[in-house]
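Take a look at the protein below.

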Amino acid sequence: MLGNRRTQLNESSLNDSKTARLSSDSNIALGFRGYRLDSIEAPTSYGHSGPGYRMRTARVMSLTPELVAMCEREEPEPEPEEGWTPLSDRDYSDLAVRLSNDCVDGDLWLFAYGSLIWKPEFEIADRLRAAAFGWHRSFCLELPTWRGTPEQPGLMMALERGGRCDGFLFKVAGNDCKNTIERLLRREVWDQESVYTTRWIKTLTERGPIRALSFWVGPVGEGVALRQPLERVAWILARACGYAGSCAEYLYNTVFHLENFGIHDSKLWRLQQLVAKEIRLLHQQHGAAHPSSRRTVMD
């Protein structure tokens, strides 16, 4: 299973999701070769907004902040797990140089499909609704730390092969691709064994195909659980919690922001329904702890 190399994954907090606001800038409808790309409106958390964004009618999530709070509990940060090769400062720099040299015409586009959508942590010069064909969101990265424990590992999201993933392309402002890539690598990747999951993929937009960099694309091997039934994933997400928070919190943030930004992922929507149901059943069986108590719920 994956060890502390996952601890640098950086997501938005639950409080960020509660206070997300939407701007009122102008909107446009996007389309590409008969494939409709619904426009959405940019959140003010980006620091600026622009065309190409429109808020869609909100669906009511089954997974609520109150249910998420029931999954939270205090967990200690474990010691680093052996078996992984940490990236050095030189490694990060060299990898950033190599990737920046692959930028077409000096432009760096990043494909965001999860937390990067609402917490990019870099200045955005342009953004487009995009689709990555041949990939789909999947809770397939096993976490014995961060949002899980060795006793109850969690799951984090990556891009798994097959299907289609709707997300956004962000164009990095300025010409300093290298430093931006290095900053993102330090946020997303911790060890040599995971470097291969940072790769260039082809996406489709209203402007045609655009090659973009993305993270955690096509992981395989140790610590990766592919093609799990949604019911099994829901069972795990309803129970797993680590020193960084619960898996239910991450799922809530992901679905909440995707919906608010105009992207409906039917599998994730079904998953949040299953997780909500699992949390209710779990607390009915063992007695509902007060959300603020953060006590461990045992199976």
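Is C103 buried or exposed? C103 is buried, with a relative accessible area of 11%. Keep in mind that this is a predicted model.

**Cysteines**

A disulfide is a covalent bond between the sulfur atoms of two cysteines. How many disulfides does the count give here? The count comes to zero. The cut-off is 2.5 Å between sulfur atoms. The closest cysteine sulfur to that of C103 is in C177, 3.8 Å away, so the gap is too far for a bond. C241 is in no disulfide either, and its nearest cysteine sulfur belongs to C71. C241 also counts as buried, at 0% relative accessibility.

| Cysteine | Nearest cysteine sulfur | Distance |
|---|---|---|
| C103 | C177 | 3.8 Å |
| C241 | C71 | 7.8 Å |

**Core**

The largest nonpolar core has 79 residues. Those with the most contacts inside this core are L63, F111, F139 and V275. β5 gives the most to the core, with 10 residues. Now follow L63. Among the residues that L63 touches, leaving out those up to four places away in sequence, are V68, A248, L251 and V275.

The largest pocket holds about 400 Å³ of space. Its lining has 21 residues, and the closest to its centre are H136, R137, S138, L230 and K267. Which elements give two or more residues to this lining? They are β4 (124-143), β5 (154-172), α6 (230-237) and α8 (266-286). β4 supplies the largest share, five residues. By class, the lining has nine nonpolar, five polar and seven charged residues.

Terms used
Residues numbered from 1 in each chain as written. Predicted model: local features only at pLDDT ≥ 70, side-chain atom pairs only at ≥ 80, totals over all residues. Heavy atoms only, no water. 1 Å grid on protein atoms, 1.4 Å probe; cavity = no way out; pocket = protein on both sides within 12 Å on 5 of 7 lines; lining within 4 Å. Points joined across faces, edges and corners; volume = space filled by probe spheres on them. Helix = DSSP H or I, 4+ residues; strand = E, 2+ residues; numbered from the N terminus. Nonpolar A, V, L, I, M, F, W, Y, C, P; charged D, E, K, R; others polar. Core = buried A, V, L, I, M, F, W, Y, C linked by side-chain atoms within 4.5 Å. Buried < 20%, exposed > 50% of the residue type's maximum accessible area, 1.4 Å probe, protein only. Contact = heavy atoms within 4.5 Å.
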